[in-house]
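Let's take a walk through this protein, one region at a time. Have the sequence and the 3D view ready as you read.

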Amino acid sequence: MRKYVLFLVLCFVLTGCAQEQIIDRIKLIESIGYDLQGEAYRISGTYCAYEKKVKLFLLEGEVHSFNEVLTSFTSQSDHPVAIGQLRTIVLSERIAGRGISELANTLVRDPLISNRTTLVLTTNQADEILAESIKYPPVYLSNLLKQNMDTGNMPFTNGHIFLDQYFGEGQDVFLPIVVKGPKGVLQMDGLGVFLGDQLKLKLPNHNGLFIKLLTTDRIGIQSGTYNFKNDQNKQITFKIISSKRKLTVTNDKANISLKLNIDLGDYPPAMKVFENTNDMLALKKQIEANLSAEMRAMLELFQKNLVDPIGIGNLARSRERKWNERDFMTKHYPNLDFDVKTEVTILSLGVGH
C-alpha cells in the first residue's frame, strides 16, 4: 500500500514540475528564413496567432549568429516565443553559397528544433518566400514541400537526413529549392547539391526525380512525372507508379538497376502502342534508353564536380573495412564507370488514349 501512495505522490511532484504553456498565449514559430545583410543575417519568421481564426504573421530582425534568432523574435513579442513546432527553414542562395556549417552546428546542438524540420533553398530572398506564405493557411509552406516529396519529383529530406548527410560520411547534402513564381505563386524549382558546406550545383526538377529514384528503396504510387522528346522530336510523357532500385559498387564500377512501373501519358499518335506489339516494344526501349542516358549524364556531372548526393561513397564504405572518404573522393570516385540499366513496364495509358 505504501508503495502505491509513494508512486502517486511522485506523479503529482513530477506533474508540478512541468511548465504550463497555453496555446493562445505563446507564439509558435512555424517557419524561419535567413538572408545575408552585410556581415549579419536578416531573419524572418512566421508564427501562428490563435484568436478567432488561426492566422500567420511575420516577424523580422537582424542577428550576427543563428543562435540569436529566438532572442531577436522574443524582443518583438508580447508573448513567449516557442520553436518546438518549427516546420521549415528557408535559406537564401547567398547563404548557401557562403556556407551552412554554422546552421548545421546550431541544429545538431538545439534539442528544441525537431528533426522533422525541412530545410529548403530559394533563389529569391528568404523573407520574400515567408512574406508570400502568410497569405495562405498555416503550414502551407511545409505542406507544399511534403506534397512534392510524397507525390512529386522531390527526393525525401528533413532535418534528420540533412544532419546525417552533413556530419556523416559517404553522401553529400541535397536540399529542395522553392521560388516565388511569375504570378507570385510559391512553387518547387529543382534541387541544390552541396560540396561540403557550400552550394555547388543547382539541378532542374527532373534531376530531383532521378535522385529520388536512386536514393529511395521503393517509391509508391504517383511519385513523379517525366517527359522528353524522342529522336523524331515527339513528346513522350509518363507518370511513375512505383519503382525499385538496386545499387552496387565495385572497385571501378557503380552498377545501377531500376525497375519502373509507369502510367503512359503523351506519346506519338502514329504509334499504336496497345494494338501493335512492335510499337509497344519500340516505345518501351525509347523510354528505357532515355532514362538510362539521362541518369548516367547526371551521375557523371556529380562525378565531375566531386559531389555525391546519391551516397555512392556510403555504399563503398559498407563493403570496405578501411574505407577513407578523402581517398575515395580523390582517387576512386573520379574514375568510377556508371552502368545504368532501366527496365520499364507500361501498366496503363493515361486518360484520353
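In what follows, contact means heavy atoms within 4.5 Å. This is a predicted model, where local features need pLDDT of at least 70 and side-chain atom pairs count only at pLDDT 80 or more, while totals for chains, interfaces and linings use all residues. Residues are numbered from 1 along each chain as its sequence is written, and side-chain values use heavy atoms, with hydrogens and water left out.

## The overall picture

The protein chain has eleven helices and 14 strands; helices (H or I, at least four residues) and strands (E, at least two) are DSSP runs, numbered from the N terminus. Of its 353 residues, 47% count as buried. Here buried means under 20% relative accessible area, exposed over 50%, and partly exposed in between (1.4 Å probe, protein chains only).

How far apart in sequence are the residues that touch? Among contacts with a separation of 6 or more, 66% are between residues 24 or more positions apart.

## Thr-122, a buried threonine

Start with Thr-122, which sits in strand E6 (residues 118–122). Thr-122 counts as buried because its relative accessibility is 1%. Leaving aside neighbours within four places in sequence, Thr-122 is in contact with Val-90, Leu-91, Ser-92, Glu-93, Ile-129, Ile-177, Val-178 and Val-179.

Which backbone atoms does the side chain of Thr-122 reach? One is the backbone oxygen of Val-178, at 2.8 Å, and another is the backbone nitrogen of Asn-124, at 3.1 Å. These are polar contacts: pairs of N or O atoms within 3.5 Å where, within protein, one must be able to donate a hydrogen and the other to accept it, and residues adjacent in sequence count only if both atoms are side-chain atoms.

## A pocket and a cavity

On a 1 Å grid over the protein atoms alone, a cavity is a set of points where a 1.4 Å probe fits but cannot get out, while a pocket is an open set with protein on both sides within 12 Å along at least five of seven lines; lining residues have an atom within 4 Å of a point. Grid points are joined across faces, edges and corners, and a volume is the space filled by probe spheres set on the points.

The largest pocket holds about 440 Å³ of space. It has 18 lining residues, and the closest to its centre are Arg-87, Arg-116, Thr-117, Thr-118 and Lys-146. Helix H6 (residues 140–151) gives the largest share of that lining, six residues. By type, the pocket lining has five nonpolar, nine polar and four charged residues; Ala, Val, Leu, Ile, Met, Phe, Trp, Tyr, Cys and Pro count as nonpolar, Asp, Glu, Lys and Arg as charged, and the others, Gly among them, as polar.

The count of cavities of 30 Å³ or more comes to one. The largest cavity has about 60 Å³ of space, and its lining is made of Ile-89, Leu-107, Ile-113, Ser-114, Asn-115, Thr-117, Leu-119, Gly-159 and Leu-163. That lining splits into five nonpolar, four polar and no charged residues.

E11 and E12 run antiparallel, joined by six bridges, and Tyr-226 stands opposite Phe-238 in E12. E12 and E13 are also antiparallel, over eleven bridges, with Leu-247 opposite Ile-256 in E13 and a hairpin of three residues joining the two strands.

Thr-248 is in strand E12 and is partly exposed, because its relative accessible area is 35%. Beyond its neighbours within four places in sequence, Thr-248 is in contact with Lys-253, Ala-254 and Asn-255. Thr-248 and Ala-316 are 68 residues apart in sequence, yet 8.2 Å apart in space, C-alpha to C-alpha.

## Two positive phi angles

Most residues other than glycine have a negative phi. Asn-233 has a positive phi of about 60° although it is not a glycine, and it takes that value in the hairpin of E11 and E12, with five residues between the strands. Asn-233 is exposed, because its relative accessible area is 54%.

Val-139 is another case, with a positive phi near 60°. You'll find Val-139 in the loop between helix H5 (126–133) and H6.

Conventions. Two strands pair if DSSP finds at least two bridges between them.
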